[in-house]
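Subject: Handing over the structure

Dear colleague,

Please find below the structure that I am handing over to you.

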Amino acid sequence: MGDLILGIETSCDETAVAVVERATVVRSSVVSSQVELHAPFGGVVPEIAGRAHIRELVPVLADALAEAGVSGSDIEAVAATTGPGLAGSLLVGVSAAKALSLVWDVPFVAVNHLEAHLYASFLEEPDLDLPLVVLLVSGGHTMLVLMEDHGRYRLLGSTLDDAAGEAFDKVAALLGLPYPGGPSLARAAEEGDEHAVDFPRPLLGSPGLDFSYSGLKTAVAVEVERRGRLTPREVADIAASFQAAAVDVLVARARRALGDQGLLQLAVVGGVAANQRLRGALEQAGREEGFRVSFPPLALCTDNAAMIAAAGLRELSRGRRDGLDLNAFSRAPLQGGAVAGGS
Ligand code: KG4
Ligand code: ZN
């Protein structure tokens, strides 16, 4: 069931709609970013985000249908992110999905945003072997997850403080780099020497699989403070040195998780999976240690609706249907595939 599914994503600052066919063929994936609206504030303003989703959703929906070359009557199910995310933003996408499900008389299915990031991997490589270890690195989450089967997850480790993407964003702000910080820091780092400053690799020597970024972020703040006004060269060097430290920690933790589980397949997902330094370091570690590493294409690392549709199709095929009374949840852990509060 559900050969053509429409996915809707409005959990944060991207309004996205996609049409996906049979879990693997992306017919269209339209993303309208609110970056320019939030840039003056240096971060996402929930009230602005919610209002922008209301404005953008219908045009983005029209574009996604047109690009896929389909009309509403071709769509066989509608999936939307119900959490985690900003409540006011989530509600825009969830309400639209319910309305479309009612009008088109097709099933509605709720999708957990974290699980959807993970399904971005299966869009590119539907035959990925299970079980596998997932490194999910986004603006809001940093976690290592054992994916035992579709819909069966075990959390192996997560961040004790900031998420990896959040650390990139905050360090970029310290260096005076433009919002959003992750991509601009990565760009600045290309010109820098990553051995210029020996930043700490938090928790690297300690057992377990948790992450911590606040110490690294503080070390950058202290370095910036000590130097005073930074030259472009210094900005590049500090950016490169921070990026190397952040990547080292992610690579070491992912290696340890694979070793602990005796597995040789890693999937890396979420916005930070777009980072080229991280991609290169994990690929090299894979070659050295004989594990496979897969990344979604760049456009499917950051928030998009193709991953929502892909995760929704998987849920539908397992018989899941959600009622039109389903709410949105700002907190929604990845737990055995279930969305908190869902059916
Ligand atoms: O997955 P995502 O789009 O949204 C969340 O669900 O959080 O991730 C956004 C995060 C932001 O913190 C952004 O700075 C970071 O991913 N990011 C990057 C890169 N591209 C996006 N971080 C490092 N390098 C990049 N190239
Ligand atoms: Zn995300």
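The notes that follow cover the ligand site and then some points along the chain.

Residues are numbered from 1 along each chain as its sequence is written, while chains are lettered from A and ligands numbered from 1 in the order in which they are written. Please keep in mind that this is a predicted model, in which local features need pLDDT of at least 70 and side-chain atom pairs count only at pLDDT 80 or more, whereas totals for chains, interfaces and linings use all residues, and that side-chain values use heavy atoms, with hydrogens and water left out.

The ligand site

Ligand 1 sits in the largest pocket. A pocket here is an open set of points, on a 1 Å grid over the protein atoms alone, where a 1.4 Å probe fits and where protein lies on both sides within 12 Å along at least five of seven lines; a molecule sits in it if more than half of its atoms lie within 2 Å of its grid points.

Around ligand 1 there are 19 residues, and the closest are G139, D169, G271, N275 and D303 (a residue is near a molecule if one of its heavy atoms lies within 4 Å of it). This shell divides into five nonpolar, eleven polar and three charged residues, where Asp, Glu, Lys and Arg count as charged, Ala, Val, Leu, Ile, Met, Phe, Trp, Tyr, Cys and Pro as nonpolar, and the others, Gly among them, as polar. Helix 4 (113–124), helix 5 (164–174) and helix 6 (181–189) each supply at least two residues of the shell, and helix 5 gives the most, with four residues. Helices (H or I, at least four residues) and strands (E, at least two) are DSSP runs, numbered from the N terminus.

An oxygen atom of ligand 1 lies 2.8 Å from a polar backbone atom of G139, an oxygen atom of ligand 1 is 3.1 Å from a backbone N or O atom of G182, and an oxygen atom of ligand 1 is 3.2 Å from an N or O atom in the side chain of H113. Taken alone, ligand 1 exposes 560 Å², of which the protein buries 85% (accessible areas come from the Shrake-Rupley method with a 1.4 Å probe; for residues, only the protein chains shown count as cover).

Points along the chain

S184, which is found in helix 6, is buried, with a relative accessible area of 6%; buried means under 20%, exposed over 50%, and partly exposed in between (1.4 Å probe, protein chains only). A polar atom of the S184 side chain lies 2.6 Å from the backbone oxygen of P178.

A cis peptide bond joins G83 and P84, with omega about -10°, and P84 is found in the loop between strand 4 (77–83) and helix 3 (87–104). A cis peptide bond also joins L130 and P131, with omega about 0°, and P131 is found in the loop between helix 4 and strand 6 (132–137).

D105, in the loop between helix 3 and strand 5 (108–112), has a phi near 55°, a positive value in a residue other than glycine, and D105 counts as exposed at 69% relative accessibility.

With kind regards

Note on methods
A polar contact is a pair of N or O atoms within 3.5 Å; within protein, one must be able to donate a hydrogen and the other to accept it, and residues adjacent in sequence count only if both atoms are side-chain atoms. On a 1 Å grid over the protein atoms alone, a cavity is a set of points where a 1.4 Å probe fits but cannot get out, and a pocket is an open set with protein on both sides within 12 Å along at least five of seven lines; lining residues have an atom within 4 Å of a point.
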